[in-house]
Each structure stands twice: as C-alpha cells, then as structure tokens.
Amino acid sequence: MDVIKIRKDFPLLSEKSDNQQPLIYLDTSSTAQKPAVVIDTLARFYTSINANVHRGLYELGEGATTQYEAVREKVAHFINAQHADEIIFTKGTTEGINFIAACWAEQHLKAGDEIVLTQAEHHANLLPWQRVAQKTGAKLVFIQLDKETFTFKNPEQFITSKTKLLAVTYSSNVLGDVWDHNRQQLENLVARAHAVGARVLIDAAQAVMHRKLDIQHLNPDFLVFSGHKMMGPTGVGVLYIKKMLHDAVQPYQTGGSMVHFVSFEKATWAPSPQKFEAGTPPIAAVLGLGAAIDYINQKINFEQLQKHEARLCSVLIDGLEKIEGVRIVGNKLWARHHGHLISFMFDGAHPHDIASILGVQRIAVRAGHHCAQPLVHMLGIDSLLRVSFGVYNTIEEVEIFIKALAQAVTVLRTTCNMQAFPQSLEL
Amino acid sequence: MSAMLYQEELMDHYKYPRNNKPVQNPDFSVDELNPSCGDRIVIEGKVADNVISDLGFSGKGCVISQATASMLTEHCIGKTAEDVMNLTKSDIIAMIGLELGPTRLKCALLSLQVLQHGVLALKK
C-alpha cells in the first residue's frame, strides 16, 4: 500500500490554497475524503446514465436499475452478507438507526423490556432509543465504561432475560476501539444477547473505513453505516436487515416503488429491499458508493491499513506526550496497535481555540463534544480535540501537526486573570 | 507568527478581563451555556432610568467567548436597554475584529445572548 501514490487519487489533498499551504486533513472520522473515481462516477451518472430506477422500460432506465442493483450486490459482498436483499440503502447511519427504532423496536418492545447500549454511543445510537423507551416504557441499560482503561469489563452481565435489544457501536467516534482487537468480546456479547432472545444492532459508522466487516461472522440482526465515511458520497448509507426479520420490520416510509398491490383503501408491500426504499433513491450517490467500494477493493488491504493508521497513532501519541499538560482520552495501548483516532485535551487551552488556530494553517481537526455529550461529560470534560486518520495520511503530516499544535497551545496558555462567580462556577 | 490568529485586543481582554466581578444587588443575573463546547457566561447588571449603570461577568470557555464578554460589558455600560437590544451579530464581529465561521460565531454571540436575555427579563 503506497500512501504517496494513494494520495494522488484524492483531488482535495493535492489541491493547493493561494498561499500554497497543503491541506492536512485529520478529520476522517467526520467524513472521509473522496477519490477522483467516486467524484467522476457522480458526474458520469448525470451526464450519461440519468434515469429513474425500477420504472423506465427504456434502455436508459434499465441501465440505471441494473447499475443501482449491482451496487447492492457489491455492498453485500463487501460486508459478507448472505443475500443482496438484506442491503437497504438509506440516507446514512442516523436514518438506519431511526428506521429500526421506529419500524421494529416500537412495535416489538413493551414496558419492562430493556435496551442495552454502551456508555460510549454517538448521539445517533442513543437518542432514537431514548424515544423508543419513552414511547414503549422500555428501559435503557448502559454497559459501563471503565474510565481508567476505556474498555468494558464483563459487558455480558448487562444482558438479562429482560433484554430485547442490544444496540452498540463497533468503534467509538471519541475513544476509537472499545472492544478488544479481534472483536471476541463483541462477538460473545452478540451471542449472549441472541441466547436470551434479544435482537442486535451494530453501529458500524466508525468501523467501516478501518475494519473488514463480516456479517456472517459477527451475526448482527441489524447493522448500519454511512457511505461518506468510507470515501463515498454523502446522502447514502446502508442498513443491513437479516432476512428472517424482513416481515417483522415495517416500511420506514410508504409511497412509490415499494408496493405490490394498491387500492384506494389499502396496499400490500413489495418484498425487501423495495419494501424499505419508498420513493426515488439517491441513485447517483449509490453508484458513487459502489465506486468507493471498488476503490477500496482495488487499493486497500485492511491489515496494512490498520498497521499504517496504528503507526500514525503511535507517532501522534509520542508527540502529544511531549506537550505539557496533555490528557489523552482513550486506550493508548490499543491505539498504538490498531487505532485510527486519538482524542485529547490540554490544561489552559480550549479545544475550540486550538482548532481555530490550526484551521488557519489548513490543518483540519475536530473540536467539541463529538456528538457524545453523555460520554464526554461523564469523563468530566466539556470539549475535546480529535485527530482521526485515513488511508491518505502521512507521518510528515502528523509531525507538522504536532509542531503547529505545540505552538498554538503555548500562544493560548497565557495567564487569564479571571475570577469566578457564582461560587458554583469553577474556572 | 501564523498561530497568532486572534487580534491583540482580543487576547488582552482574555488576559485582563474587564468587568469580571459580581454586581451588588443586581437587577438581572443570567447564566447560560453553549452545550456544544461547554462555554458558559454569567452576566449581572444594574439599570437606572433605562440606562445600564453597571455590568459584571464571569464564565469559562474559549478565548472568543470570554474575551467577547469582556468587550461587550465594557461597550454596554452607559447604554440604554434599547441600545443593547439593537446590537446584532455584525456589531459583535466588528467589535472583535475577526471573521468567524458559523461554529465559532456561536462562541462569540453567547455573551450578547446572555446580556439581551437579562435586559428582556427586566421588562417583564
């Protein structure tokens, strides 16, 4: 895997700003950069294929349908799902989780049932379940995070006969890996949930770009991820629904192209995947996602990618630890071996100020609560910085970043002579 | 140095905040938070004959949120309630001399929001 060669595939990474400072993009966990083949696929669809799917009997329409359905096959193969009709195209991870919350959980959960999550969930895998709990009377149970090691100790103890759903992240957008590297712990947890008759949803948004997903091995009932985090376009995501549950899940929306028979009074649904994809889908984005999968299959070896990103994490941790007053949030040992992101903060310098100063130097990092307010607050933090890597990042970029970061922290760490009132407000 | 994004005046207000004090027997006291980054601003004020006679602030957060509170309180003492209510986003941007993106703008506008809520509370 030649990173320098790979970088050339990404227009935004080779483009220079007016002052010729190259972009250092360290925010892949927010969204990955796109290779030219993905961008070109979008343009090619509109210039030479554009027609709706599952409708037109003319050549263009048939062609669009064939290509659209070919991506479904491609996704199924990419995540090792058994059947292409288990792949539903959504708007993204958030829609996928809301889909299952509204169209399966609300109908199947009742007061007294328990939904098991972890304390490390993104808001996208927390708020939909809060709403299900409010509507059904089910209770949310959280697998506790060890605040020293940022791991889960004996997570299976949270699964009981009351558990009806286990909905957990595969990889945290704040902490990185939270399950042991070979995912034995997660697999055991899934098996334990199934043993008590619960269903399992895996949020793979942060994993899909860094780990080889294997549905048949992991065995979830539902799995979600977004196309844009794996170098595909925004506006398209994937919801995997195990075939045996296709009848139990209701359509998220009703309308065109998802029906079998319709009268003025009622309708019957087409089988999956049409049942779950009402209206015109984001056809161009789906083809773009297909191009991203082709790109990954051709250029990326997941084992080598993991080693590359872990090496970047190691260099980053070494650099961070040389800056006084740094606090790294997440399991450092795991990050050095198989990580792809690092979250951290400093005494006396606010993440927003640091990120703004770096931004002026065209260094892109994330600052804030990372859509995980309960987790971040539980750790006693308001705001964090995060560096997240992709296949295109280099050690040189990490070194430039560390230098700029140390400078920003020094500039910001001036004595601020603030006094606090009321007394409850600590500075 | 390119890292010196913030203007000297802004950094001066951060280092040596003006009106960073409680107000005795305030006519209003408002405490608000920007949950996206944990910025927090408390502003207390005294008003006599519709004129802001004293303001004090306290808070925690980034340079922009805290320094703006200092600048804003300095600017508003002696102004009428209407003057304060008429202040807008562009007045704040002019005050701090920085072009801000939508995310950082929230940090800059927090103290104005707090102060205006204080003035509004007076009228009730």
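Residues are numbered from 1 along each chain as its sequence is written, and chains are lettered from A, with ligands numbered from 1, in the order in which they are written. As the model is predicted, local features need pLDDT of at least 70 and side-chain atom pairs count only at pLDDT 80 or more, while totals for chains, interfaces and linings use all residues.

Chain A comes to 14 helices and 17 strands; helices (H or I, at least four residues) and strands (E, at least two) are DSSP runs, numbered from the N terminus. Its radius of gyration is 23 Å, close to the 22 Å that the globule rule gives for 427 residues, so chain A is as compact as a globular protein of that length. That radius is taken over C-alpha atoms, and the rule is 2.2 Å times the number of residues to the power 0.38. Along the principal axes, the C-alpha atoms of chain A fill a box of roughly 75 × 55 × 40 Å. Of the 427 residues, 47% count as buried (20 or more other C-beta atoms within 10 Å of the residue's own, with C-beta atoms placed from the backbone).

Chain A also has an open sheet of 4 strands in the order 13-14-17-16, with antiparallel pairing; two strands pair if DSSP finds at least two bridges between them. Strand 13 (326-329) and strand 16 (366-368) of chain A stand at the edges with a single partner strand each, so one side of each has no neighbour in the sheet. Strand 13 is joined to strand 14 (residues 341-346) of chain A by 4 bridges, and A:V326 stands opposite A:F346 of strand 14.

Over in chain B, 3 strands make an open antiparallel sheet in the order 1-2-3. The twist averages 20° from one strand to the next (angles run from 0 to 180 degrees between N-to-C directions, with axes as lines fitted to C-alpha atoms, for helices over the stretch in contact). Strands 1 and 2 of chain B pair over 7 bridges, with B:L33 opposite B:R40. Strand 2 (residues 39-48) and strand 3 of chain B share 9 bridges, one pair of partners being B:G45 and B:L55. Their hairpin has 2 residues between the strands, and B:D49 takes a positive phi near 50° there. In strand 3 (residues 51-60) of chain B, 7 of the 10 residues are buried, so this strand is largely enclosed by the rest of the structure.

Helix 2 of chain B lies across strands 2 and 3 of chain B, running at about 170° to strand 3. Helix 2 (residues 63-76) also packs against helix 5 (residues 102-123) of chain B at about 35°, with the axes 8 Å apart. Among the residues making that contact are B:I64, B:L72, B:L110 and B:L115 (contact puts C-beta atoms, placed from the backbone, within 7 Å).

Finally, 27 residues of chain A are in contact with 23 residues of chain B. Helix 12 (351-360) and helix 14 (395-412) of chain A each supply at least two residues of that side of chain A, and helix 12 gives the largest share, 5 residues.

Conventions: A residue is buried if 20 or more other C-beta atoms lie within 10 Å of its own, exposed if 12 or fewer, and partly exposed in between; C-beta atoms are placed from the backbone. Two residues are in contact if their C-beta atoms, placed from the backbone, lie within 7 Å.
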